Amino acid sequence: MPQPTRRRRGAAPWVRALAAGATGLTLCVTMLSSSAPAGAESTPGVTSNSINIGATVPLTGPAAPGYSEIAPAMNALFAAVNAHGGINGRKIHYTYLDDGYNPANTATLTRKLVLQNNVFADVGSLGTPTQSAVQSFLNTQKVPQLFIESGCNCWNNSKYPLSLGWQPPYTVDGKILGAYIKANFAGKKIGYLYQADEFGQDVVKGLDMEIPQSSVVSRQSYDVATLAGPLSNQMSALKAAGAQVVVLATIPAATALAMLPAAVATYFPQYVIDAVGADPPTVGPLLESFAQKGGASAAQVSAAAGLLNGVITNTYLPPENATSNPWIQDTQKLLQQYAPSLWAKSGLDGNTEYGVALAYTFVQALQKAGKNLTRQSLMNAINSEGKSFVTPGLVPLSYSSSNHFGYEGDQIVKLSTSAPPAVTPTGSWIGGTTVGPVYATSAGSGPIKKYTGPTSTPPKGLTKIS
Amino acid sequence: MTGLAGRTRTLRLHRQPLLRHLACALVAGAILYWVTDHLSAYNDYQVGEIASYVVVLVGLSLLTGSSGQFSLGNGAFMAVGAYTMALFMTHTGTNFILELAAAAGVAAVVGVLLGIPATRLSGPYLAGMTLLFALAVPSIADKWPATFGGDQGLTVAPPTAPGSLSAEQWLTDIQIIGALVVMVLVANLMWSRYGRAFRAVRDDEIAASLAGIHVARTKVMAFAISAACAGLGGALLSLSTGVVNTGAFPLTLSISLLAAMVIGGAGTLIGMVWGGILLVYMPQWSTSLSSDFNLGTGAAAYLATIIFGGVLILAMLAAPNGIQGFLRWLWVYGRSRLRERRRPTAPLAAAAGD
C-alpha cells in the first residue's frame with residue numbers, strides 16, 4: 001500500500017531538488033556564457049587606435065551630489081582629444097560605472113572593468129573606502145590605479161606601486177590651514193568640527209602639527225553615515241567653549257548643516273573650511289535649500305549663502321571665479337563645446353574644474369609614455385616626468401617612484417562679497433580671492449615652504465590637444 | 001531481482017536525508033566545478049558572489065519561512081561575521097577554516113543575544129528591533145577606527161590557490177563549497193525534529209508549547225542559526241571584496257536580502273539560488289536597461305530598486321511562494337495534466353472508480 005502512494009506523489013523530493021538545481025545551472029551557464037574579450041595584445045585595453053580605461057564613481061547615493069559631475073567632465077576632455085585624433089593615434093574610451101559609494105559595489109564593478117572590459121588603467125575613481133577596497137586587486141592584476149579622487153594619506157604605500165593619489169593629502173590641507181590660523185588668529189580660541197573618518201582625522205592631524213594645543217578649546221566630530229540633520233549639538237558645544245575660530249573638515253552638506261544652526265543661535269565665529277567642503281557653487285545652494293527646509297523666511301533663505309562671506313579656505317587649482325586665468329577660460333570653452341548638457345547643469349564649479357584638470361593630467365601621462373604604450377611605460381612616464389607635467393595645479397605634481405601623491409601644496413583663499421562672484425547655471429555665488437603665496441609641504445612632518453616656481457599655462461587650448 | 005534491489009536502495013536513500021542531501025551536494029559541486037572551470041574569471045567571481053549570498057539567504061529562509069520570524073538585521077550579521085574573520089586574519093592568522101567558523105560562531109552568539117529579547121516581540125516590533133541592529137553595527141565599527149580599520153577597513157584574503165588554479169577560481173570554489181555545506185546542514189536541520197519544531201512554532205505557538213516544544217528556545221535557536229549563516233556568508237562575500245569596511249553593509253543590504261529571499265521562495269533552499277542570482281545580477285541588468293533606454297547616468301541605481309520592488313509585488317500577486325514555489329507548482333501541475341491525458345479510461349469512470 002505505501003508503494004503506490006509514494007509513486008503517485010511523483011519523484012522523490014531529492015530528485016526534484018536535483019532537477020531544479022540542474023535547471024538553475026543551465027540557466028546560469030546560459031546567462032554567463034558571454035565570454036570576456038580575448039586579450040590577444042601584449043597590453044590589455046590598448047590597440048593601435050584605441051585606449052580603453054575605466055573608473056567607478058558615485059553617480060547616485062549620498063556622495064553623488066557634486067561628485068557625479070567629475071567623470072562626465074573628464075569625458076569632455078577625452079572627447080576633445082578624440083575629436084583631434086587621439087593620443088598617438090589612439091582614441092580614449094572612458095567607461096565610468098556607478099558604485100553608489102559602496103565598497104562592495106566598487107569591488108564587483110572594478111572586476112568587471114578589469115576582467116571583462118579589459119581596461120588598460122583605472123583612472124579617476126572616487127573615494128577612500130571604495131578605492132581601498134580594490135587597491136590590492138588592481139595592483140595584483142598590474143592595473144594602474146591612477147589619480148584616485150581622495151586625499152587619503154594611504155595612497156602613498158610602497159606595497160602598492162601602481163596606486164597614485166592626485167589631490168593634496170588631507171594632512172597637507174590641514175598643515176597649510178593650521179599655519180595660516182597660527183599666523184593670523186594668534187591668541188584666539190580655536191575649535192574643530194571634523195568628519196569622524198580618514199578625511200576628517202587626517203585634516204586634524206595636519207592642523208595639530210601647526211596650531212598650539214593650548215589654543216584648541218573644543219574638538220567636535222560627526223559620523224557621515226548618520227548625517228541627516230543640523231549639527232546643532234556640535235555647534236553649541238563650540239559656542240559654549242567660546243571658540244572664536246571654527247575649523248571645519250566637512251563634506252559640503254555637513255558644512256551647510258553646521259553653519260545654519262550656528263547662525264540661528266547667533267553664533268558667528270571666523271570659519272576656516274577645508275577645500276573639500278567650501279566650494280561656494282556647491283555649498284551655497286545647499287545652504288539655501290537646507291534653510292528653506294528648516295522653515296526659514298524667504299529673506300533668511302536668500303541670505304543663507306551669504307554666510308560664506310569671510311570664510312577662509314584653501315585651493316590647489318585656480319579659483320573658478322578667476323576668469324582671466326587661461327586654464328579657467330580653456331576649461332569653460334571645453335565644457336561648453338564638448339559637454340553642453342553638463343555645462344547647462346553645473347557650469348564651471350569645483351567639481352567640473354577638478355575633472356578636467358585630472359583628465360588633463362592623464363592625457364599628459366599618455367603623451368609622455370609615447371607610442372609604445374604599456375602599463376609600465378605609463379607608470380615610468382608619471383614617476384620620472386610627472387614633476388614636469390603642465391597642469392592647472394598651483395604647485396607641480398610631486399610623483400616619483402617613492403612618492404604617490406600628486407599636488408602637495410595649497411594657497412589660502414578668502415571668500416568675500418567684494419571678490420568677483422562664481423557664476424554657474426544655479427546662480428551667482430560668493431567668489432574667493434587668493435591670500436598670500438602658494439605653499440608646498442609634505443604629508444609628513446616636513447616644513448611648509450613658499451612655492452616660488454613658475455605658474456603653468458596651458459600649452460595650447462585644451463580643446464585642441466592631440 | 002535487480003528491480004527489487006533498486007527499490008530498496010531508493011527506499012534507504014529516501015529514509016536517509018543526510019545521505020540524500022550529501023549526494024545532491026556532491027553532484028551539484030561536481031557540476032559547479034566543471035562550470036567554473038569553463039567560465040571567464042569575471043563570471044567565476046560572480047558565481048562566487050552568488051554562492052556567498054546563498055549562504056546568507058538560506059539562513060534567512062529558515063528564519064522566516066520555517067520559524068516564522070522576521071529580520072531586517074541580517075546585513076548587520078554579515079558585517080559581524082566579516083569583521084570577525086578580518087580581525088582573526090589581522091591579529092592571529094590561524095587556520096582559514098577556523099576563521100570562517102569563528103565568523104559563523106561569533107555571529108551566532110550575537111544572534112542569541114539579539115534573539116532573546118526578540119522572542120518577546122513579533123511582527124513590526126521585531127522588524128523595528130532588527131532594523132536598529134542593522135543601523136547600529138556600522139556605527140559601532142566606525143566608533144573604533146583603530147580596531148576596525150575605519151574607512152579603509154581591514155584587508156582579508158583567501159589562502160593561496162593550490163596547484164594551477166587561478167586566484168579567482170579558487171575563491172569561487174571556496175565560496176561554492178561554503179554554500180553547499182551550509183545547504184546540506186540546513187536541509188538536514190529542516191528535516192529533523194528541530195525543523196518540525198520551527199514549523200510548529202510558526203504555525204501556532206500555543207499548540208507547539210502544548211506539544212512540549214520550548215517556544216522561546218526554538219525561536220532563539222532559529223535566530224542564532226540564521227545569524228550564523230549570515231556571518232559565514234558575510235565572511236565569504238568579504239573575500240570577494242578583499243576588504244571589510246562598514247560601507248559594504250548599509251541598511252539597504254538587509255532589505256534587499258529580505259526581498260531576494262521572498263522572491264526566491266521563503267522557506268525553500270533551492271529558491272535561495274534564485275535570490276542570490278537576483279542580488280548579483282539585478283544591478284547589472286538595470287544598468288544595461290537604463291543605458292539601452294538612455295535614461296541618464298543616475299537612473300540605473302534607482303531602476304534596480306524599482307525593478308526589485310516591482311518584481312516583489314508581482315511575485316506576491318502571481319507566485320506568493322516565490323520563484324521556487326512557482327516552479328514547484330508548474331512541476332506538480334504539469335505532471336498531473338500529463339497523467340490525466342495519458343489515462344486511457346474516461347474521467348467520469350475514473351472518478352466513479354475512486
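**Figure 1. Overview of chain A.** Of the 466 residues of chain A, 55% count as buried, a residue being buried if 20 or more other C-beta atoms, placed from the backbone, lie within 10 Å of its own. This is a predicted model, in which local features need pLDDT of at least 70 and side-chain atom pairs count only at pLDDT 80 or more, while totals for chains, interfaces and linings use all residues. Residues are numbered from 1 along each chain as its sequence is written, and chains are lettered from A and ligands numbered from 1 in the order in which they are written. Chain A holds 16 helices and 15 strands; these are DSSP runs numbered from the N terminus, with at least four residues (H or I) for helices and at least two (E) for strands.

**Figure 2. The two domains of chain A.** Domain 1 comprises 50–168 + 322–408 and domain 2 comprises 171–315 + 412–442, with bounds from an automatic or database domain assignment. Their centres, taken over C-alpha atoms, are separated by 27 Å. In chain A, 17 residues of domain 1 are in contact with 17 residues of domain 2 (contact: C-beta atoms, placed from the backbone, within 7 Å). On the domain 1 side, six of these residues are nonpolar, eight polar and three charged. The nonpolar class is Ala, Val, Leu, Ile, Met, Phe, Trp, Tyr, Cys and Pro, the charged class is Asp, Glu, Lys and Arg, and the others, Gly among them, are polar.

**Figure 3. An open parallel sheet in chain A.** Five strands are ordered β2-β1-β3-β4-β5 with parallel pairing, where a pair requires at least two DSSP bridges. The edge strands, β2 (91–98) and β5 (163–165), each pair on one side only. Eight bridges link β1 (residues 50–57) of chain A to β2(A), and Ser50(A) has Lys91(A) as its bridge partner. Helix α5 (residues 103–116) of chain A touches β1, β2 and β3 (121–123), its direction making about 175° with that of β1(A). Angles run from 0 to 180 degrees between N-to-C directions, and axes are lines fitted to C-alpha atoms, for helices over the stretch in contact.

**Figure 4. A β-α-β unit in chain A.** Strand β6(A), helix α8 (residues 198–210) and β7(A) make a right-handed unit: with the strands pointing away from the viewer, the path from the first strand over the helix to the second runs clockwise. Six bridges join the parallel strands β6 (residues 190–195) and β7 (residues 216–222) of chain A, and Tyr194(A) is partnered by Ser221(A).

How values were computed: Two residues are in contact if their C-beta atoms, placed from the backbone, lie within 7 Å. A residue is buried if 20 or more other C-beta atoms lie within 10 Å of its own, exposed if 12 or fewer, and partly exposed in between; C-beta atoms are placed from the backbone.
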